[in-house]
Amino acid sequence: MARVTVEDCIDKVENRFELVLLASHRARMIASGTQILVPRDNDKNPVVALREIADEKLTPEDLKEELIHSLQKHVEVDEPEAETVPLLTSGPSSAATPDSEVQFDRMSEEDLLRGLDGLVPPTESADDED
């Protein structure tokens, strides 16, 4: 009977709420295919989980750790290794060849102003008059 199993577990896990959390987590693990540690005896997964806790086949501390781990949302991101990141150098001391150097176009202020003189301003629409 499940009630007797809960009473048997209270001396292992004193807080009933914590017992329910641990047993439900273990029952979900059993439902997902984890090997059970006690004979099933035609019991459902929550009862099997409680019986495992009562028979001390699992320690409550291990179940707590597994429960916490299953609830964590943090995903570890691997940092790139130093060898895979190219070194950025600047100036004439760079080991890059002239073919691989990046060339930027330079424009004087006068050239910029002459280019802007040729642009036509946008016409005002009916929306701009409001």
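Guide: Let's start at Arg-51, which, beyond its neighbours within four places in sequence, is in contact with Thr-5, Val-38, Pro-39, Arg-40, Asp-41 and Asp-43. Arg-51 lies in helix H3. Keep in mind that this is a predicted model.

Visitor: Why is Arg-51 called buried?
Guide: Its relative accessibility is 16%, and buried means under 20%, so Arg-51 counts as buried.

Visitor: What makes Arg-51 and Asp-41 a salt bridge?
Guide: The N to O distance between their side chains is 3.3 Å. The cut-off is 4 Å between a side-chain nitrogen of Lys or Arg and a carboxyl oxygen of Asp or Glu, so the pair qualifies. This pair links distant parts of the chain, with Arg-51 in helix H3 and Asp-41 in the loop between H2 and H3, 10 residues apart.

Visitor: And what makes Arg-51 and Asp-43 a salt bridge?
Guide: Their closest N and O atoms are 2.8 Å apart, within the 4 Å cut-off, so that pair passes as well. By this rule the count comes to six salt bridges.

Visitor: Is Asp-43 buried, exposed or partly exposed?
Guide: Partly exposed, because its relative accessible area is 23%, and that class sits between the 20% and 50% limits.

Visitor: How do you know that Asp-41 is exposed?
Guide: Exposed means over 50%, and Asp-41 has 56% relative accessibility, so it gets that label. Asp-41 has something else to look at: its phi is near 50°, a positive value in a residue other than glycine.

Visitor: What about Arg-114 and Asp-111: what makes them a salt bridge?
Guide: The closest N and O atoms of this pair are 2.5 Å apart, and the limit is 4 Å, so it meets the rule. Because Arg-114 and Asp-111 are three residues apart in helix H5, about one helical turn separates them. Arg-114 is exposed, since its relative accessible area is 55%, while Asp-111, at 36%, counts as partly exposed. Back at Arg-51, salt bridges that share partners join Asp-41, Asp-43 and Arg-51 into one network.

Visitor: Which residues have the most contacts inside the largest nonpolar core?
Guide: Those are Cys-9, Leu-19, Leu-22 and Ile-53, in a core of 16 residues. H2, helix H3 (45–54) and helix H4 (60–71) are the elements that give two or more residues to this core.

Visitor: What does Leu-19 touch, not counting residues up to four places away in sequence?
Guide: Val-6, Cys-9, Ile-10, Val-13, Leu-50 and Ile-53. Counted in that way, Ile-10 touches Arg-16 and Leu-19.

Visitor: Why is Ile-10 called partly exposed?
Guide: Ile-10 has a relative accessible area of 22%. Buried would need a value under 20% and exposed one over 50%, so Ile-10 falls in between. Ile-10 lies in the loop between H1 and H2.

Visitor: Which residues form the nonpolar patch on the surface?
Guide: Met-107, Leu-112, Leu-113, Leu-116 and Leu-119, with about 520 Å² of accessible area together. Met-107 lies in the loop between H4 and helix H5 (109–117). With 58% relative accessible area, Met-107 is over the 50% limit, so it is exposed.

Visitor: How many helices and strands are there in the protein?
Guide: Five helices and zero strands. Of the 130 residues, 19% count as buried.

Visitor: Which elements have the lowest and the highest mean pLDDT?
Guide: Helix H1 (residues 2–9) has the lowest, at 75, and helix H2 (residues 16–31) the highest, at 92. The protein averages 78, and 72% of the residues score at least 70. Where pLDDT is low, the predicted coordinates should not be read in detail.

How values were computed: Residues numbered from 1 in each chain as written. Predicted model: local features only at pLDDT ≥ 70, side-chain atom pairs only at ≥ 80, totals over all residues. Heavy atoms only, no water. pLDDT = per-residue confidence, 0-100. Helix = DSSP H or I, 4+ residues; strand = E, 2+ residues; numbered from the N terminus. Core = buried A, V, L, I, M, F, W, Y, C linked by side-chain atoms within 4.5 Å. Buried < 20%, exposed > 50% of the residue type's maximum accessible area, 1.4 Å probe, protein only. Contact = heavy atoms within 4.5 Å. Patch = residues over 30% accessible without salt bridge, like charges linked within 9 Å, V, L, I, M, F, W, Y side chains within 5 Å. Areas by Shrake-Rupley, 256 points an atom, 1.4 Å probe, with all protein chains shown as cover.
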